[in-house]
Amino acid sequence: MSEQREQWGSRWGFVLAAAGSAIGLGNIWRFPWLVGQYGGAAFVMVYLAIVALIGLPVMMCELSVGRASQRAPFKAFSSVGGNPLWNVIGWMAIITGGFLVLSYYNVVGGWTIKYMIESLTGLMDVAAAGESGSFFGGFLGKNHEVVAYQVIFMGLVMLFVAGGIGGGIERTCKIMMPALFGILIILIVRSLSLPGAEAGIEFYLRPDFSKLTGEGILAALGQAFFSLSLGLGAMLTYGSYLKKEEHLPSAAAWACGLDTLIALMAGFAIFPAVFAMGFEPGAGVGLTFITLPGVFAKMPAGMFFSFLFFLLLFFAAVTSAMSLLEAAVTFAIEKFNLKRTDAVLVMGVIIILLGGYSAISLSDKNVFEGAVEKVAFEEGDRLVIAEDAEKIVVEQVERIAVRSFNHPTILGKDFFSAVDDFCNNWLLPLGSLLLCLFVGWFWCEPASKEVTGDGKHSFSWLGMWIFCVRFIAPVGIIVIFLNALGLI
Ligand code: PHE
């Protein structure tokens, strides 16, 4: 079986593909939004510590189980000699990553296409008039449009993944990743050269630990796993295509390092500009889609920079989505013996359907918020109640009643936000916790052999790595969980 398995064409092919998986919406959309929301530099420091002490060791675990087993995650653990019960980690990974995360990921991927096109058409005028918030809300309210963009995005990803490992995934990443880097540099130079950029740099680099909360630390943990593509079987799957001769720790270090570098760079592209243009950094999910167009609209040649930015986001999203789909496709190929193209088709369609649900759940919320604005609005400093307020309220109550029957919310959150929060903050760390327990306590000898290529590659941090996998990572994850639950 292992002879027929595809492999990465070169070390760089792997590093770029792994970095392509890791570098994504997580770095450019989610990281800056969390930094803005959870207090700036202090969050960044916690994040960096988590990447070094938990993220990198876990990434090496995933790659080594993947390479040793040469299997998809759902049978990797038993095939390297573990009790088949450990395969539950792989099953969890496939369900979480291939289906849940990708289904919401491609919704945001679709937004990037919409915003790329809009940048060149009307977005700058809308944003200059201070309307980028209602523009975003209005877009999310149009189900057919959001779903159409999501299908276009996913269709492209399916095409690339159908091309296979070396031909499709590796080739796409080799073009898109360097382009992404170049665009980011242009944006940073632009952002830092704006008058007033210093306030943004200060927010981003000078820590104020009093702003740090348990929720913020949990978010940093979730973000580290999400950003490094861990806990979802994506790196495990990519590791299974890694050649035995490759130096595994340095491949992992490269992927982690590049991912972190790009996240930090995204902050430098965004915060100085946000502050220089007088915006607030804590806009949450909307930071990139609402605040940034406003920032671009105020800059000379804003249209051009806006287009470049959303192109960057699009590239980042495509290469990550490919790795998520690849994990689901490898599963379908190995479990049901499907041809690659058939597997891509079947998995892609299932994910598109789930994603549609995510997209619509968000739009519902926006339709509702739009309606609330119509009931009461400000005129000068007076609050005016609309004449047909009663009718609007009755309509909305009826709609919500029908909706909550058809689309139940989860713990008060719409499906989209619930998936984001539950997967990133809980499922990914949980999967990684189990992985560390397996590798650290039940598979340590073989793991050390795999990591050092049977002793052929020198790796002077081996002891430190084992210590992180056995103690630091599991204890760290458990403590952060308990803290977020309010138990400690
Ligand atoms: N790491 C990707 C990002 O930062 C998301 C991702 C998670 C991709 C898990 C694959 C697996 O956007």
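**Salt bridges and the ligand site**

The structure holds 8 salt bridges, each a side-chain nitrogen of Lys or Arg within 4 Å of a carboxyl oxygen of Asp or Glu. The model is predicted: local features need pLDDT of at least 70, side-chain atom pairs count only at pLDDT 80 or more, and totals for chains, interfaces and linings use all residues. Residues are numbered from 1 along each chain as its sequence is written, and side-chain values use heavy atoms, leaving out hydrogens and water.

Side chains of opposite charge can pair when their charged atoms come close. Arg 30 forms a salt bridge with Asp 420, with 3.1 Å between the closest N and O atoms. This pair links distant parts of the chain, 390 residues apart: Arg 30 lies in helix H2 and Asp 420 in helix H18 (residues 415-442). Helices are DSSP runs (H or I, at least four residues), numbered from the N terminus.

The ligand is surrounded by 15 residues, each with a heavy atom within 4 Å of it. The closest are Ala 22, Gly 26, Tyr 105, Phe 226 and Leu 232. Helices H1 (11-22), H2 (25-37), H11 (214-227) and H15 (302-336) each supply at least two residues of this shell.

Polar contacts are pairs of N or O atoms within 3.5 Å. A polar side-chain atom of Asn 27 lies 3.3 Å from a ligand oxygen atom. A polar side-chain atom of Ser 229 lies 3.0 Å from a ligand nitrogen atom. The protein covers 100% of the 320 Å² of accessible area (Shrake-Rupley method, 1.4 Å probe) that the ligand has on its own.

Key
A polar contact is a pair of N or O atoms within 3.5 Å; within protein, one must be able to donate a hydrogen and the other to accept it, and residues adjacent in sequence count only if both atoms are side-chain atoms.
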